[in-house]
Amino acid sequence: MVKNPFYFGNEVYDEDFCNRVKELEELKKDIDVGLNILLYAPRRFGKTSLLKKLQNDLKNDASYKVVFFDLFSVSSIDEFIQKYFNVLAIALETTPDKILSLFKSTFSIRPNITATLNQNGETSFGLNFSKSERNNSLEDVLNLPLVYAKKMGVKVVVIFDEFQEIEQFEIEKKFRSVIQTHSKEVSYIFCGSKKSILSEMFNDRTRAFYKSVKHLHINEISLEDWEMFASVKFERTDKIITKEQIEHIYTITSGFPYYMQQLLFMVWDSTQRSVNDTIIKTALKLMIEREYDLYSLIWSNLTPNQKKCVKYILAFNGENLYANESLSDFSISATTLKSTLEALAKKDVVDRKNDRYYLVDPFMKLWVERL
Ligand SMILES: Nc1ncnc2c1ncn2[C@@H]1O[C@H](COP(=O)(O)OP(=O)(O)OP(=O)(O)O)[C@@H](O)[C@H]1O
Ligand SMILES: [Mg+2]
């Protein structure tokens, strides 16, 4: 049986990865000039895929070492220190002995480092420290990329995925004060999907990371790129999809990578030979039904005013929302609208591009329209 050539879920690699050529070029240039970067994009937009691709592209270049650290499952400072140490140790060196000697010589604490082999023959590294050593251990571990870069004469790139999680540990000040001396040798990429938290961290004057990064925006992958990507995959599996049908799917999903792949997956799955409009319509209906629980949960967490405001945005395509006529049509005052839009942005439900407001999740929009 021929395997479905589309994939949606976690990060994608190789032939499942579409485009992002410009973003990769920009990232590489920024790294070379020593910038730190903040990469924000909504959930399931392809952040991790892009950064893993960057890591992979730089893998064979001896002048770089790339460290990828996902903060998603980190729940305390101690865990942060230990997991970051383990990730650094694995990414930066090849043998346990080398790692131990490199790190031991640079620590201000007397580190108690362990190396254990798991069932798959992979080594994982532990760093044990007492409570009174926590602060110094954090500083030491944060400094490891710099120590390594200087000693080995390479550029170290540290990618923090889901960086917003750092907020809960209250180590921002320390973190920033340590890494701000690393700029020539180490580039940091901070990535995450919670725009409200990240923009406060990086745009609020009172916060440690204020204006310390370049913001890199990633947009939807273009229709032309999806056309190429999807038509080749249909062709190779002896099925037919037209340019117009891909365009239709692109319009439905607003080019959102996860939904684009999911809808293409489902359309491919229901197609014997040639795609038709009924297949697309049925697949779309099924997709919205599948995500029902997720959307109804988000919806039930909105206040009545927020629900009204979401419908208001959709009714006017997010444009000219403060026009008096539109406001009176929906019986909303300008002040209520302002505070409600802010609250919806804080919940990452609504965002704004230029002067237009829109729902961050294009399928949430389709779901609400069916209410
Ligand atoms: N460049 C791409 N080409 C093709 N599909 C992509 C691409 N980027 C993302 N996708 C689709 O989106 C899905 C999610 O990608 P990824 O996990 O990289 O996103 P993310 O932004 O890191 O998500 P999250 O916010 O959940 O961490 C992938 O499984 C794939 O279906
Ligand atoms: Mg991700």
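Colleague: In what order do the strands of the open sheet run, and how do they pair?

Modeller: Two strands pair if DSSP finds at least two bridges between them, and strands are DSSP runs (E, at least two residues), numbered from the N terminus, as are helices (H or I, at least four residues). Here the open sheet has five strands, ordered β2-β5-β6-β1-β7 with parallel pairing. This is a predicted model, where local features need pLDDT of at least 70, side-chain atom pairs count only at pLDDT 80 or more, and totals for chains, interfaces and linings use all residues. Residues are numbered from 1 along each chain as its sequence is written, with chains lettered from A and ligands numbered from 1 in the order in which they are written.

Colleague: Why is one side of β2 and of β7 left without a neighbour in the sheet?

Modeller: β2 (64–70) and β7 (214–217) are at the edges with a single partner strand each, so one side of each has no neighbour in the sheet. For β2, seven bridges join it to β5 (residues 155–161), running parallel. Val66, for one, has Val157 of β5 as its bridge partner.

Colleague: On to the ligand. Which domains supply at least three residues each to the shell around ligand 1?

Modeller: A residue is near a molecule if its C-beta atom, placed from the backbone, lies within 6 Å of it. Domain bounds come from an automatic or database domain assignment. Domain 1 (20–217) and domain 2 (223–290) each give at least three residues to that shell. In total, 22 residues surround ligand 1, with Cys18, Gly46, Thr48, Ser49 and Pro257 the closest. Helices α2 (47–59) and α10 (257–270) each supply at least two shell residues.
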